[in-house]
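Hi,

Here is the structure I promised to pass on. Have a look at it first, and my notes follow below.

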Amino acid sequence: MTVKIEVRKPAEYAVARPPIWCPGCGDYGILDALRRALAELGIPNERVVVVSGIGCSSQLPHFMKTYGIHGIHGRALPIATGVKLANPDLTVIVMGGDGDGYAIGTNHLVHAARRNVDITYIVSNNQVYGLTTGQMAPTTLKGVKTRSTPYGSVDDPVNPLALAIASGATYVARGFSGDPAHLAGLIKGGIEHRGFALIDVLSPCVTFNRVNTYDWFKARVYKLEESGHDPADLMQAMAKALEWPTMDPYGRIPIGVIYRAERPTYDGEMSRLLKGASPAASPIDNALSEGPTILKSFI
Amino acid sequence: MDLTIRLSGAQGEGVESTGRTVASTFSRMGLHVFTFRMYGSIIKGNPTMFYQVRVSDRKIHSHGPWNSVDVLIALNKNAFAAYVDMARVTIFDSADVKREGRGLIGVPLTEYALKAGNRIMKNTVAVGALYALLGIDLSVLEGLLRREFGDKGEKIVEQNMAAAELGYKHVEEHYGGLNVSFPRDSPKPLISGAEALALGALFSGMKFYAAYPMTPASPLLHFLAEWGPRYGVSVVQAEDEIAAINMAIGASYAGVRAATGTSGGGFSLMHEAVGLAAMIEVPVVVFLGQRGGPSTGLPTETEQADLLMSINPSQGDFPIVVLAPTTIEDGLYTVARAFNIAEKYQVPVMVLTDLYFNESMTTIGEVDWSRFKVERGDLVTSPVVWEEYKRYRLTETGVSPRTVPGVPGGMHIATSDEHDEKGDVITDRHEPKVRRVMMEKRMRKLDYIRREMEPPSLYGSPGARTTLVVWGSTAMPVMDFVDTSQGYNALIFRDLYPLPRDQALKALSEAARKIAVEVNYTGQLVALLRRELGVDIGERVVKYWGEPFSVDELGELMRKRVEAVVVT
Ligand SMILES: Cc1ncc(C[n+]2csc(CCOP(=O)(O)OP(=O)(O)O)c2C)c(N)n1
Ligand code: SF4
């Protein structure tokens, strides 16, 4: 039996400044879980880069004592891809909202998943646009009234987990910010996993979403690891991914690891092309010193 | 000796590769070469695309004349009809056109190609004919064919040589040669503008390049995809231009020199991220190869109409630098400066070229390697004390010491929101004082960058009656025009933003009569000079129909201008 040693404390990843979210916001649970996961893995602060887009949830890097980029709306994944490719030794975490990742940034989600770049993407899925004060999100359930859908949304919601699996993500999970301990396990698993990990987190917006509340979720979530689900089985995984919201938007909601697979990572493949070199570690003057020889091939 | 050779035929029939063979013939003989191609946004068809090769025994800067050529190689009837009247000598397939007369050299190109083994070698027959016409030994061609087809087997090389010999003998027997002689020198490298930029990036230590294909920037991606991995460069074909530039910014944040490349349409998509780079003070280099706009515009034709856009992309006020290489050789060195300025000042730097620049090829002389000195600026690589470290510390120059991930204690969040010295967002409250000092800090960098900007260079003799004011690639034909005409010089702008005001003003005030020459409709340099210096260049010559200026055309335009003045 191995004894688990908590190498570091979650507080070691915290800054003095308290988060600026509304009291009760689901994002507190995500922040807590992320710090716990990093502490359990004992990753040095300076080796962690937390990248985000724009939104309430994208403020998260500011509350981390790590490196990070609080970028522009929807572009966290390409920024993070650049960080990871430049220096594959870094642990790269991406954080964003459902609008950030599943609306304006959807294109990047599909491509980051297909490339299987080794980053961990946490989406705060509050089914509403928080920062811009309560408009419909791509995850808003049909019929729900928001400030931009006063008669009830006529859009069907996106299914991010099914989309991620179909796109080639190799670690797809759903967590609930009302259960940070469980969520920390999912995030830790995502970081340890080699490849693109999406962790969609049910994260209530207590200010603008009066439908999908903590109680609403508590009444519906159930844990996959307690229900005999095999995340290695693609077809089972797809079925679980489609269960909510696609099959029944008001039905039960599975949380836990939905899908997991092994596939070469993008950064790994790139490193193979570079014969083991990484951009950050290769000498800045290596091409210059061969300049005259390189030019000869243009004769 | 100064010859122009135009090869014309249907797109997709090897006009370009044949043109390259001709160009390489001369560069291997140590002559000065410049090439240009005119083609359409179509893969096969367009019967009269052309590839022009100019060769000279002295340094040349452009493709030469537009309305007259020394030798035309017409690979089909349409090409013959389109250009025969402007050519001194035309080589054509005698099966296509039944015409005889002075300067008409009919060669049974197709027949000979079939005889040598395959009709696709008809272009090689024409090259053989050209060799005879110019009195060049076929052994030069053999080396080139071996390089081009060597990996396809010796048989292909032999067949092509046989085809060339048939063309050669035909001209030798029936027509004889032109009276030209070529001095020999040691072989010169022949590179395109895009290759100059990409080589410049490699030599500057760029380690990350992400791009989405778009003419005329794609050749950078192709070149770097092949060469980059040998030098530790990650090259990514992104899902769109937005991703491309954001990846480059991420890579740069992680500590490596990074760039992206595109044309106007892609750059329009990148605007928001350019502002991000400026705001989080992460260096990034953007290669913008202009083509005819607006919208999809003229995808395969040149223009210089993105100058103002490249100075003012994205919302808000922020520092940005725009450099427009003036010759292909200059492209190599300008890129080195671009990376240095980007890192020293932690700003986005635009390298602004166009299709004419990127796709033209030229021979280059000895490279001055000392101009590739890497200057990384205030980059902190050893541990710092986290409690004390301020990523955006206020300094005199506006540049703050920059740590990169992996450096203990240097942790910080680079944010696109307005922030304080530590990098914390201030946008949850009204902080006018912090906003002011941070804005001033970023903008202050421009004052220091300005001191590094080079003033416009004067080409030709000082005191000429007329000064042509140009920027970027238009310098190339204009330099050739100045070299071959009386009474003109040129003021050439490469460093376009920020302008070194005093020096630029002085240079402009020393010019007598000024005429701006630009490949756009509105005269964007004229607008810039008015805006930045308050100088009005009253006269301008512009074109916006997809062609660069040519030396003969400039002569005519200037003659008309001079007459116009005499009349008034
Ligand atoms: C290009 C662009 N478009 C729009 C916005 C405005 N905007 C900021 S955050 C946001 C959506 C926020 O919703 P979400 O991503 O779900 O994050 P949340 O605030 O709910 O955590 C929008 C539309 C922006 N910043 N940039
Ligand atoms: S508005 Fe909603 S998402 Fe934003 S901080 Fe408040 S509770 Fe959280």
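Ser457(B) sits opposite Ile492(B), which belongs to strand 20 of chain B. That strand covers residues 488-493 and pairs with strand 18 of chain B in the antiparallel sense, over 3 bridges. Strands count as paired if DSSP finds at least two bridges between them; the strands themselves are DSSP runs (E, at least two residues) and helices are too (H or I, at least four), numbered from the N terminus.

Before I go on: this is a predicted model, where local features need pLDDT of at least 70 and side-chain atom pairs count only at pLDDT 80 or more, while totals for chains, interfaces and linings use all residues. Residues are numbered from 1 along each chain as its sequence is written, chains are lettered from A and ligands numbered from 1 in the order in which they are written, and side-chain values use heavy atoms, with hydrogens and water left out.

Back to the sheet. It is open, with 5 strands of chain B in the order 18-20-19-22-23 and mixed pairing. Strand 18 (457-459) and strand 23 (539-542) of chain B are at the edges with a single partner strand each, so one side of each has no neighbour in the sheet. From one strand to the next the twist averages 25°. Helix 15 of chain B (residues 475-484) lies across strands 18, 19, 20 and 22 of chain B, at about 160° to strand 20. Such angles run from 0 to 180 degrees between N-to-C directions, with axes fitted to C-alpha atoms, for helices over the stretch in contact.

Now the inside. Buried means under 20% relative accessible area, exposed over 50%, and partly exposed in between (1.4 Å probe, protein chains only). By that scale Cys205(A) is buried at 9%, whereas Cys22(A) is partly exposed at 37%.

And where do the chains meet? The contact (heavy atoms within 4.5 Å) takes 69 residues from chain B and 57 from chain A. Together they bury about 5100 Å², 68% of it on carbon and sulfur atoms; this is the accessible area (1.4 Å probe) lost on being put together, summed over both parts. In chain B, Tyr231(B), Glu239(B) and Ile413(B) lose the most area to chain A.

Cheers

Conventions
Buried area is the accessible area (1.4 Å probe) that two parts lose on being put together, summed over both.
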